[in-house]
Amino acid sequence: MSKYSVAIVGATGAVGEKMLNIVEERGFLARSVRLLASERSAGSELKFQDELILVERLDRNSFSGIDFALFSAGAEVSRKYAPLAAAEGAIVIDNRSAFRMEEDVPLVVPEVNPQDLQNHKGIIANPNCSTIQMVVVLKPLYDYSRIKRIVVSTYQSVSGTGWKATKELQRQARAILDSRPAGRPEVYPVQIAFNLIPHIDVFDDKGYTKEEMKMVHETRKIMHDPEIKITATTVRVPVFCAHSEAVNIETEKKITAQKARELLEGAPGVEVMDDFHKGIYPTPIDAEGRDECFVGRIREDDSVPNGLNLWIVADNLRKGAALNAVQIMELLAH
Ligand code: A2P
């Protein structure tokens, strides 16, 4: 069986470290793993299969002999180094937004559009975390009846912003519980502890954020349906891990709540957790560390002819980022 050389760019970051863990957990056939970061953490070591691997400084020569390069070090780093890696013959799987909407770059969620991998030209994009968990759950419904419109509100954890954001929430929460001032925010525009921030990424001319528009454009591209009407409100919440979403859909054909549960039970990557009689529904704590996209609170929306409400929760660092990238690599390796 073939074995592959894998590079992880941004290996010391929140997503990069998860990528390394998941490559190990899933027993991916790695001949070697190269860990790359900035000069700040070059020289440190990370554990992989009982060995300590040195973190190297990313440079133009980092990709010689590499089969797969997983990038999660910021869009600027991707823009500069992903084409270099691809030119060296590596297949790049990029977790950042740099190439997602480029026409010749497949944007792939393995449970939804694995066929798009056939057309790659060296770079494949991993979608935004909020988009991934939504489309994994909507795909089995869409296959039964086309979805005409999606209204989504997100409740996104701080780990999606990286280690610095996780530390900011810890620091502020500790200070407030000790009756000290929360201190000036450094990562977020305003205090995140015991607060909600309806502002993720930058605003556009119409007042939407880039995160909201990513959900619109990426969903249409992944589902191959440019006509789906989508509107999103994305909110950062003081949760450490796992994103939640309240999703309202309108379908062409009626899907009853019972039918939706049937379609979702056993769908790839989906776990139904839905029994209001017993108070069963997914929360971020249920999803943390898990691979599945959890769905609950499935209800018919009687305010429109064919409406459905869903509550979707997934670990944003795993299925929303690292796991999806490793699954793409697995599909290409076989
Ligand atoms: P470093 O540890 O050297 O700063 P997070 O998303 O958790 O903030 O992590 C970002 C990741 O991207 C880290 O591994 C970080 O490395 C890496 N990174 C950031 N900027 C660069 C850069 N210019 N070159 C290489 N790696 C970078």
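1. **Ground rules.** The model is predicted: local features need pLDDT of at least 70, side-chain atom pairs count only at pLDDT 80 or more, and totals for chains, interfaces and linings use all residues. Residues are numbered from 1 along each chain as its sequence is written, and side-chain values use heavy atoms, with hydrogens and water left out.

2. **Helix H3.** Look at residues 129-144, helix H3. Helices are DSSP runs of H or I with at least four residues, strands are runs of E with at least two, and both are numbered from the N terminus. H3 bends by about 40° at Leu-138. The bend is the angle between axes fitted to the seven residues ending at a residue and the seven starting there.

3. **Cover and cap of H3.** Of the 16 residues in H3, 13 are buried. Buried means under 20% relative accessible area, exposed over 50%, and partly exposed in between, with a 1.4 Å probe and protein chains only. Asn-128 caps the N-terminal end of H3. A side-chain oxygen of Asn-128 lies 3.1 Å from the backbone nitrogen of Ser-130.

4. The model has 20 salt bridges. Each is a side-chain nitrogen of Lys or Arg within 4 Å of a carboxyl oxygen of Asp or Glu. Glu-76 pairs with Arg-79, with the closest N and O atoms 2.6 Å apart. Both lie in helix H2 (residues 75-87), three residues apart, about one turn of the helix. An α-helix has 3.6 residues a turn, so residues three or four places apart point the same way. Glu-76 is exposed, at 57% relative accessibility. Arg-79 is partly exposed, at 41%.

5. **A buried pair.** Arg-261 forms a salt bridge with Asp-274, the closest N and O atoms being 2.6 Å apart. Arg-261 sits in helix H6 (residues 257-264), and Asp-274 in the loop between strand E11 (270-272) and helix H7 (284-287), so the pair ties together parts 13 residues apart in sequence. Both Arg-261 and Asp-274 are buried.

6. Asp-291 forms a salt bridge with Arg-318, with 2.9 Å between the closest N and O atoms. Asp-291 lies in the loop between H7 and strand E12 (293-301) and Arg-318 in helix H8 (residues 318-333), so this pair ties together parts 27 residues apart in sequence. Asp-291 is partly exposed, at 30% relative accessible area, whereas Arg-318 is buried, at 7% relative accessibility. Salt bridges with shared partners join Glu-25, Asp-291 and Arg-318 into one network.

Conventions:
Polar contact = N/O pair within 3.5 Å; in protein donor to acceptor, adjacent residues only side chain to side chain.
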